[in-house]
Amino acid sequence: MIYDLAIIGGGPAGVSAGVYAARKKIKTVLITENFRNQSVVSDNIQNWIGIISISGEDLAASLEKHVKNYAKDIDIKEKETVTKLTKDTDGTFKIKTDKSEYSSKTVLITSGSIRRKLTIKGADKFDGKGITYCATCDGPMFTDMDVVVIGGGNSAFESASQLSSYAKSVTIVQRSDFRADPITIKKVLSNPKIRGISNVDLLEVKGDKFVTSLLYKDKDTGKEIDLPTNGIFVEIGANPSVAYLENGILKLNEKQEIIVDAKTQKTSELGIWAAGDCTDGLYHQNNIAAGDAIKALEDIYKYLKL
Ligand SMILES: Cc1cc2nc3c(=O)[nH]c(=O)nc-3n(C[C@H](O)[C@H](O)[C@H](O)COP(=O)(O)OP(=O)(O)OC[C@H]3O[C@@H](n4cnc5c(N)ncnc54)[C@H](O)[C@@H]3O)c2cc1C
């Protein structure tokens with residue numbers, strides 16, 4: 001059978017698209033490894049609009065329940081990993097998984113990304129106990145505290161700038177040279193609350209119940225410095241989950257993110273849309289993933305029906 005739409009992924013983007021597709025009666029298959037989106041590790045999500053506070057696990061469970069409420073209207077293939085996406089000569093797409101193969105007239109990719117983790121000593125132990133991977137999500141919890149941002153790209157500098165609204169001080173710490181745009185570096189470091197330290201070896205996150213300091217070695221002097229801090233924000237990038245696109249069917253940017261048109265979420269290939277954290281959208285959040293997927297779905301509906 002040939003579906004009208006295949007959705008890849010079951011995070012906020014995939015689920016939102018799934019609900020809309022079902023309600024629009026589009027013949028859809030939603031293929032996902034699971035319904036566990038990236039924020040499942042968070043105890044307390046405070047910016048999922050309409051709900052004051054929810055754990056990541058409860059958010060994932062509510063999204064899963066919502067889309068499964070439409071299980072009679074769309075086919076849900078869970079515990080399947082997409083391994084290849086190709087286009088046939090007749091224009092239909094083949095979505096190969098580790099268990100099966102599906103054909104569809106259109107595809108919406110929402111397979112998200114995986115944040116790069118800090119791997120130094122103590123990083124695992126204090127994950128969620130002072131170490132966090134999202135300044136927008138967790139910044140307010142560190143009001144009036146001294147915090148560190150690890151990373152040297154634009155995201156690290158933008159996070160530092162955001163955090164300066166709450167924190168007493170923000171120190172950006174980077175292993176090599178800063179890689180953010182020079183204008184961004186200059187602007188952010190002109191904020192008296194923010195300073196930058198580059199060319200260090202990160203050695204250890206220390207603490208008792210929560211983080212108390214970051215130990216690093218200055219590569220120039222060889223001196224070890226134990227920097228007191230209550231919060232460490234890790235901004236060392238993310239890897240989009242798009243290994244199944246290795247055949248080059250879509251244009252990706254240098255971070256391997258899928259390049260999309262921001263108005264419609266169309267990709268470089270006619271018939272394929274993408275939304276959420278796997279795209280080159282500038283901001284990656286749950287609400288944005290959901291909204292962008294719905295935008296894509298409206299465009300797909302128009303493409304299929306008009
Ligand atoms: C620690 C942390 C905390 C965060 N906290 C917040 C917060 O408080 N508020 C907020 O708004 N945002 C937060 N975020 C960001 C938010 O989680 C992401 O923006 C959001 O999850 C992106 O949704 P998505 O649907 O694009 O992708 P994802 O959530 O990454 O979901 C991807 C889905 O695709 C599936 N998948 C992946 N590869 C394949 C494949 N090959 N085949 C089949 N299925 C596949 C996965 O199983 C998953 O279901 C946080 C992120 C992190 C890392």
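**Figure 1. Strands β10 and β11 in the parallel sheet of the predicted model.** In this predicted model, strand β10, residues 169-173, pairs with β11 in the parallel sense, and the pairing runs over 4 bridges. Within this pair, Ile172 stands opposite Gly196, a residue of β11. The two strands belong to an open sheet of 5 strands with parallel pairing, in which the order is β8-β15-β9-β10-β11. Strands β8 (131-132) and β11 (194-197) stand at the edges of that sheet and have a single partner strand each, so one side of each is left without a neighbour in the sheet.

**Figure 2. The shell of residues around the ligand.** The ligand is surrounded by 38 residues, and the closest of them are Gly11, Asn37, Gly112, Cys137 and Gly276. At least two residues of the shell come from each of α1 (12-23), β2 (28-32), β7 (113-115) and α6 (286-305).

Figure 3. The domain assignment of the protein gives domain 1, which is made up of the segments 2-115 and 238-305, and domain 2, which covers 131-234. The centres of domain 1 and domain 2, taken over C-alpha atoms, are separated by 33 Å. Both domain 1 and domain 2 give residues to the shell around the ligand, so the ligand lies between them.

**Figure 4. Two lysines with positive phi.** Most residues other than glycine have a negative phi. Lys25, although it is not a glycine, has a positive phi of about 60°, and Lys25 is found in the loop between α1 and β2. Is Lys25 buried or exposed? Lys25 is exposed, because 11 other C-beta atoms lie within 10 Å and a residue with 12 or fewer counts as exposed. Lys79 likewise is not a glycine and has a positive phi of about 60°; the loop that holds Lys79 runs between β3 (75-78) and β4 (82-87). Lys79 has 11 C-beta neighbours inside 10 Å and therefore counts as exposed.

**Figure 5. The surroundings of Asn34.** Asn34 is found in the loop between β2 and α2 (56-68). With 15 C-beta neighbours inside 10 Å, Asn34 counts as partly exposed. When its neighbours within four places in sequence are left aside, Asn34 is in contact with Gly10, Glu78 and Lys79. Asn34 and Leu63 are 29 residues apart along the chain, and 11 Å separate their C-alpha atoms.

**Figure 6. The fold as the setting for the close-up views.** The protein has 6 helices and 17 strands, and its C-alpha trace spans about 65 × 35 × 35 Å along its principal axes. The radius of gyration of the protein is 21 Å, which agrees with the value near 19 Å that a compact globule of 306 residues would have. Of these 306 residues, 40% count as buried. Among the contacts between residues at least 6 apart in sequence, 60% join residues that are at least 24 apart.

Terms used: Residues are numbered from 1 along each chain as its sequence is written. This is a predicted model: local features need pLDDT of at least 70, side-chain atom pairs count only at pLDDT 80 or more; totals for chains, interfaces and linings use all residues. A residue is near a molecule or strand if its C-beta atom, placed from the backbone, lies within 6 Å of it. Domain bounds come from an automatic or database domain assignment. Two strands pair if DSSP finds at least two bridges between them. A residue is buried if 20 or more other C-beta atoms lie within 10 Å of its own, exposed if 12 or fewer, and partly exposed in between; C-beta atoms are placed from the backbone. The radius of gyration is taken over C-alpha atoms; the globule rule is 2.2 Å times the number of residues to the power 0.38. Two residues are in contact if their C-beta atoms, placed from the backbone, lie within 7 Å.
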